[in-house]
Amino acid sequence: MSRQSREAMPENELAASLLSMPSAALALAWLQVRQVIAQPRLLVFLLVLPIVFSTVLSLFQSTQLGQVRVVLPAASGPVAQLLESELRRAGADVRAPDPRSATLLARNELDAIVRVPTGIEGLVKGKPVNLGILLSPTGSRSGEVLSLLRAAATRVEARLAAQRALLAQQPSANAEQLAEARQRTSTLLEQPAITVDVVEAETHRTGKDVAATGANQTTPGMTLMFALLFGAQTGLSLHRARVTGTIARLFAAPVPPGALLAGTVVGNAFLLVLQLAAMVLFGALVLGVRWGNLALLAIPAVAYACMAASFGAFSAAVTRTQQQLTSFSFLVVNVTAAVGGLWWPIEVTPPWMQSLAYGLPTYWGMHGLQLVMLRGAGLLEVALPAAILLGFAGAFLAVGSRAFTFE
Amino acid sequence: MSLRAAALIAGRDLRSQLRSRSFITQSLVLPLMLTAIIGTALGGNSKPQPAAVALVGQESALTSGLAKFLGTDQAAAVTTTDEATARAGVRAGKFQAAVIVPPGLQRQLSSPRGKATVTIVTDPGSQVAAFTVVQLTRAYLATIEAGRAAVLAVAQVRQPGSAEELGKIVASAQQDVQADLAKPDIGLATSENAANSGRYFAYFAIAFGVLFALLSAALAAGGLVDEIERGTLTRLRAAPVPAWSLTLGKLSAIVLTTAVQLVVFTLATHFLFGARWGAPSTAAVVIACASIGAAGLGGFILGVAQSHEQVMVLTLMIVLLMSLLGGSMWPVESLPGAVQVLSRFTYNRWAIEAFQTVSVPGLGLEDAVLPLAVLLAVGLAGLLFGGLRVARMTTE
């Protein structure tokens, strides 16, 4: 409603109009919910995308590391053979050189090319050598490659050191005695006295001081990210109503002007609460996510839904067209998701980025959920993130309602 | 004349895109911001962070040697603690692994039949760190085994007549092995194939460039869907321009928009962040093929979407899924084997491979023939599909 028409309205009509605001807003909210449910493309945003991404990301995160793929020249002597066998023993996929090795390395289809110096057989006499290791300029596995090569090299050295110690102790031993002793050394090393038992810690346990990894990170992260993306639909609905003239026609109806904004926001917030509930159910049943106390989880979740729906109103206020709004929301959602800890545990980011995250609603949404999921937090602890999220919602609505032009 | 008309239409559409704030935000600002954020967040340099390791065990030469060995080249940052704290620390994410050395290990090893078990508790969320700790711990224990094997072998060869002589032999052999292993004989000299200073950044610069090329093409095609929705494309039938010329112009605009986005992105990442994309001439060829490939997706969307909202949903679904599977969100080599095979069906995988190949000194276009051919084939097929719809709209 324009300022002029508001001024022209008699006081009693204005009061009646304001009194009817909640019921009008609720009616519009219900309309908004029905409209969204009737449109499959919006249901994709609301449910399909978060489910697909949570599932795919959870699968990736629980995957074991692949073999380290190394190119090694054909062994020319016993020490080179020993190096190759130790690399295989350490779990490497050892491949012969190929004319395409450099190209495969560039495309990360190989992890390293090892250059063995000609003097490697001199290691028997303790002559030091350097293995040349060519890594991919865009590879992500340099840490694994180097630790695997370091381990294999150490094991080669250990075997050679044992043999040299034997030789040093037996200057007068005959060939038969030495061969027998070498065989014994080798047999002993093949049957180690020390067994290494590797066990994975149980980290996904509800309780105090538990880390956020796997589905516990990806499911809430993707849910919150797509909730914010869906929240931008509030803005698209408002823009579309303006473009198609729906808003102008509403002025002919006895509906208060703010009801359209309130109705759209409330309707979308309701849908977002449904989305979060569906994701909790899906995460628990399919992905094995442990959400903790559901009543407490609902507090930050509902606050986040209100914030996300209000974000749409804010987006509509600061953009002029649907295309601008799409670009704006895509930029904001992706950047705040990355910095706010929805893509990866916030602990892996540098300290300055963690400080920046405190100013983002995405951080408080994720923090609120993880307080309940991973730390077993109580009502007082989740109240802070929920209050901050509601503060963001209020600020977004204030800007949205002031800047959005109904004319 | 008709080609000139097509060029004019393409140029007009391109200018319109470049003046659009949406295009600048989505295709230039967002990719640069995300590349910088991800490059910073995930390390931004090639040196891996030391693994946080808790070491449990009685103070001895073995445990101090293990701590020193794990700390070599900053592979791990070792904290000595008790077992309960170590296990709780791994659960809490404070430690990425805990190495638990049983009490009396050295005493057990002094017996020829002695056996012992070292336990390594790992955080499933820190697989690379766990891999490093397991590898290095096993290697260090191999050196202990070597000393033990040498002692036993020497004792067998020398066949000492008394306990005193045996003691001397054992001490001497152990000393020999420890002195020998104190200074490593095998050095690891690493070098990279290119001068890119940060692997993660170098990778993500390419990966995000490809992702946003796809997005630019999809949005440019979305603009054409808007024209169809508004009816402006149909009205162009009144103009004295052949339908094929109009179609060619409109499709060329999608390719050009994507190419401009890629050129600006490569230049910006090169000058702002030092990313390397190869020699300018080879990079230009790859950009051209990658633009046609991405425009193929735009053509597909153009062929099926009926409204702006459908463009948005299809764009998000296709771009994000292809990016997830094709290596734009994380390196393909870190994905499971089946997903790596699946990634061959994505635009991102082929485009990333083409850029990776030509970015390495010594490799050129001849090494990237297959990915470039795939990009061209996919692009032309998609453009043909979308072009048929545009042609239909301008002739019916």
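**Between the chains**

Mentor: Across the interface of chain A and chain B the rule finds three salt bridges, a salt bridge being a side-chain nitrogen of Lys or Arg within 4 Å of a carboxyl oxygen of Asp or Glu. This is a predicted model, in which local features need pLDDT of at least 70 and side-chain atom pairs count only at pLDDT 80 or more, while totals for chains, interfaces and linings use all residues. Residues are numbered from 1 along each chain as its sequence is written, chains are lettered from A and ligands numbered from 1 in the order in which they are written, and side-chain values use heavy atoms, with hydrogens and water left out.

Trainee: What does Arg344(B) form a salt bridge with?

Mentor: The partner of Arg344(B) is Glu109(A), and the closest N and O atoms of this pair are 3.1 Å apart. Another salt bridge joins Arg107(A) to Glu353(B), where the closest N and O atoms are 3.9 Å apart. That pair crosses between chains, from the loop between α6 (101-106) and β3 (112-115) of chain A, which holds Arg107(A), to helix α14 (residues 347-358) of chain B, which holds Glu353(B). Helices (H or I, at least four residues) and strands (E, at least two) are DSSP runs, numbered from the N terminus.

Trainee: And how many salt bridges are there over all chains?

Mentor: Over all chains the count by this rule comes to 14.

Trainee: How many residues of each chain are in contact?

Mentor: In chain A 112 residues are in contact with 112 residues of chain B, where contact means heavy atoms within 4.5 Å. The area buried between chain A and chain B is about 10100 Å², and carbon and sulfur atoms give 66% of that; buried area is the accessible area (1.4 Å probe) that two parts lose on being put together, summed over both.

Trainee: Now the helices: at what angle do α6 and α7 of chain B pack?

Mentor: Helix α6 (residues 127-158) of chain B packs against helix α7 (residues 163-182) of chain B at about 140 degrees, with the axes 9 Å apart; axes are lines fitted to C-alpha atoms, for helices over the stretch in contact, and angles run from 0 to 180 degrees between N-to-C directions. α6(B) is therefore oblique to α7(B), since angles under 35 degrees count as roughly parallel, over 145 as roughly antiparallel, 65 to 115 as roughly perpendicular and the rest as oblique. Residues making the contact include Gly147(B) and Val151(B) of α6(B), and Ile169(B) and Ala173(B) of α7(B).

Trainee: What about α10 and α11 of chain B, how do their axes cross?

Mentor: The axes of helix α10 (residues 243-273) of chain B and helix α11 (residues 280-304) of chain B come within 8 Å and cross at roughly 135 degrees, so α10(B) and α11(B) are oblique to each other. Among the residues in this contact are Leu251(B) and Thr258(B) of α10(B), together with Ile287(B) and Ser291(B) of α11(B).

Trainee: Which way do α9 and α13 of chain A lie?

Mentor: Helix α9 (residues 215-244) of chain A and helix α13 (residues 322-339) of chain A pack at about 160 degrees, with their axes 10 Å apart, and that makes α9(A) roughly antiparallel to α13(A). Their contact includes Met225(A) and His239(A) of α9(A), and Phe330(A) of α13(A).
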